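Thanks for coming, everyone. Please look at the chain on the screen while I talk.

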Amino acid sequence: MSNHQPVRLAIFASGSGSNFEAIVHAFQTEQCHAEVALLVCDRPDAFVLKRAETLGIPSVAIRPKSFDSKEGYEQEVLNELKAASIDLIILAGYMRIVGKTLLKAYPNKLMNIHPSLLPNYPGRQGIQDAFEDGATETGVTVHIVDEGIDTGPILAQETVAIEPDDTIESLERKIHAVEHELFPKVIHTYIKKLQKEHA
Ligand code: GRF
């Protein structure tokens, strides 16, 4: 990563991609020396690929099932990241556990967003788990990715209240609204920190 070239971000996503879109918009307008250079998607039918097309962001869809092993899949992903000169990976609704191949290639350069106040409610259904547990608050966490599931150093958290009249749908909407504001800001701050370290 050099201070003269824009930081090149790859976003990994598996589903709808509302966070992907929020990040793309934020980095188009923000005075930040960074750009979303690639979408990596593990599900060829995911809606996020359509969003990328509309937004003019290059994308690759790579099916893990086409490979004999997780290493083989991640090596192919890594080839695409290298070809696109990616500096930083952003997981935004990427429904896979990142393996050694990518963790080794991008140490401290992998960031994730999770829809709960970690360490509470890790895993695939953070919103539902908090709601069904009867919690009165939950939230959003942005963290650096390590080999665990939703573990790794926390960069930022924001609380979301669960009101008595909330439904799972209304809670989801509130959480997404917070995510779309928080995630680009935290990415921006982290890039500034990395750039300072390289100055
Ligand atoms: C978000 O709630 C994120 O926290 C979680 O997956 C969801 C992705 O939503 N990891 P979207 O695809 O960005 O709309």
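I will go through side-chain contacts, starting with charges and ending with rings.

This is a predicted model, where local features need pLDDT of at least 70, side-chain atom pairs count only at pLDDT 80 or more, and totals for chains, interfaces and linings use all residues. Residues are numbered from 1 along each chain as its sequence is written, and side-chain values use heavy atoms, leaving out hydrogens and water.

How many salt bridges does a search of the whole structure find? Six. A salt bridge here is a side-chain nitrogen of Lys or Arg within 4 Å of a carboxyl oxygen of Asp or Glu.

Take arginine 96. Its salt bridge partner is aspartate 42, with the closest N and O atoms 3.1 Å apart. The two sit 54 residues apart, arginine 96 in the loop between β4 and α4, aspartate 42 in the loop between β2 and α2 (47-55). Helices (H or I, at least four residues) and strands (E, at least two) are DSSP runs, numbered from the N terminus.

Buried or exposed? Aspartate 42 is buried, at 4% relative accessibility. Arginine 96 is partly exposed, at 35%. Buried means under 20% relative accessible area, exposed over 50%, partly exposed in between (1.4 Å probe, protein chains only).

Arginine 96 also lies over the face of tyrosine 73, 5.7 Å from the ring centre. That calls for CZ of Arg, or NZ of Lys, within 6 Å of the ring centre and within 35 degrees of the ring normal.

Last, rings. Phenylalanine 12 is buried, and tyrosine 94 is buried too.
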